[in-house]
Amino acid sequence: MVMALEGQIWEPEHEWRDDSACAGTDADVFFPPSEDESLAMAAKKICGLCPVQEQCLQYALATNQTEGVWGGMSSGDRRRLRRRMRDRDRRKRAS
Ligand code: SF4
């Protein structure tokens, strides 16, 4: 979520933030108080319209964001994605 980046050191690779669909949105929408997936739906709808969804998700994965909705995925979604990626890598190494 772009607002979570505020306060961090600006780096050129963060320029995708300029095109985010969530700029100016209440942070509570993207950081719901629990992991109840229904609470993440409003944020996911905004992400679905966002032109930088892929960059946002890659950033969240690369920086291990454990809270909030990033790139259209909740924290639970990202955990499951990471698990699938780890499993895929293990299978690749074993073959
Ligand atoms: S994908 Fe979602 S959280 Fe990421 S910048 Fe776009 S609207 Fe914000």
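Visitor: Is C22 buried or exposed?
Guide: This is a predicted model, and in it C22 counts as buried because its relative accessibility is 8%, under the 20% cut-off.

Visitor: And C56, buried or exposed?
Guide: C56 counts as buried too, because its relative accessibility is 9%.

Visitor: How many disulfides does the structure hold?
Guide: The count is 0 disulfides.

Visitor: Okay, new topic. Which residues of helix α3 are buried?
Guide: In α3, which spans residues 41-48, the buried ones are A43, K44 and C47. They sit on the same side of the helix, because they cover an arc of only 100° around its axis.

Visitor: What's exposed on the other side of α3?
Guide: There you find K45 and G48, both exposed.

Visitor: What covers the buried residues of α3?
Guide: The cover includes α2 (27-30), α4 (53-62) and α5 (75-94).

Visitor: Let's zoom out. How many helices and strands does the protein have?
Guide: There are 5 helices and 0 strands, so along the sequence the pattern reads α-α-α-α-α.

Visitor: What share of the residues counts as buried?
Guide: Of the 95 residues, 37% count as buried.

Visitor: And the accessible surface, how much is there?
Guide: About 6,100 Å², with 52% of that belonging to carbon and sulfur atoms.

Visitor: Last one: what share of contacts joins residues at least 24 apart?
Guide: Counting contacts between residues at least 6 apart in sequence, 46% join residues at least 24 apart.

Definitions and conventions: Residues are numbered from 1 along each chain as its sequence is written. This is a predicted model: local features need pLDDT of at least 70, side-chain atom pairs count only at pLDDT 80 or more; totals for chains, interfaces and linings use all residues. Side-chain values use heavy atoms; hydrogens and water are left out. Buried means under 20% relative accessible area, exposed over 50%, partly exposed in between (1.4 Å probe, protein chains only). Helices (H or I, at least four residues) and strands (E, at least two) are DSSP runs, numbered from the N terminus. The arc is that of the directions from the helix axis to the C-beta atoms. Contact means heavy atoms within 4.5 Å. A disulfide is a pair of cysteine sulfur atoms within 2.5 Å. Accessible areas come from the Shrake-Rupley method with a 1.4 Å probe; for residues, only the protein chains shown count as cover.
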